[in-house]
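Q: I would like to learn how to read helix packing and pockets. Can we work through a case?

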Amino acid sequence: MTGNENSEGAIQKYQPQHTIPTTHELNSLRGMAELVAKSSFYKDLNGLEKAATVMLQGFELGISPMAAIRNIHIINGKPNLSPPLMIGIA
């Protein structure tokens with residue numbers, strides 16, 4: 001269980017103060033996206049831009065970057081939320 005999941009495994013949202021990341025947040029997100037893109041764990045996110053885009057989508061929805069990586073999947077060029085993420089947001 002990660003820090004974003006409750007005892008039932010549903011993903012919990014955090015409440016960002018804003019929907020557009022600050023420069024500091026964007027730089028941090030870029031660094032995390034770079035690590036994700038270089039890892040072999042998330043083969044669909046094989047570029048910095050792909051990983052960062054998924055993380056930004058998560059930021060907008062109020063979920064942590066790694067919860068976004070695990071639960072937002074790009075299908076036919078569009079972000080799709082996993083069922084646990086949908087439950088957590090609802």
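A: Start with handedness. In this predicted model, helix 1 passes helix 2 in a right-handed crossing.

Q: At what angle do the axes of helix 1 and helix 2 cross?
A: They cross at roughly 130°, and the axes come within 8 Å. Angles of 65 to 115 degrees count as roughly perpendicular and those over 145 as roughly antiparallel. Helix 1 is therefore oblique to helix 2.

Q: Which residues make the contact?
A: Helix 1 (residues 23–38) contributes Glu25, Leu26, Leu29, Arg30, Met32, Ala33, Glu34, Val36 and Ala37. From helix 2 come Leu48, Ala51, Ala52, Met55, Leu56 and Phe59.

Q: How do the contact residues divide by class?
A: There are 12 nonpolar, no polar and 3 charged residues.

Q: Now the largest pocket. What is its volume, and which elements line it?
A: The volume is about 230 Å³. Helix 2 (48–61), helix 3 (65–71) and strand 1 (72–75) each give two or more residues to the lining. Among the lining residues are Tyr42, Lys50, Arg70 and His73.

Q: What is the class make-up of that lining?
A: The lining has 6 nonpolar, 2 polar and 4 charged residues.

Definitions and conventions
Residues numbered from 1 in each chain as written. Predicted model: local features only at pLDDT ≥ 70, side-chain atom pairs only at ≥ 80, totals over all residues. Heavy atoms only, no water. 1 Å grid on protein atoms, 1.4 Å probe; cavity = no way out; pocket = protein on both sides within 12 Å on 5 of 7 lines; lining within 4 Å. Points joined across faces, edges and corners; volume = space filled by probe spheres on them. Helix = DSSP H or I, 4+ residues; strand = E, 2+ residues; numbered from the N terminus. Nonpolar A, V, L, I, M, F, W, Y, C, P; charged D, E, K, R; others polar. Axes fitted to C-alpha atoms, helices over the stretch in contact; angles between N-to-C directions. Parallel < 35°, antiparallel > 145°, perpendicular 65-115°, else oblique. Left-handed = near helix turned anticlockwise from the far one by under 90°. Contact = heavy atoms within 4.5 Å.
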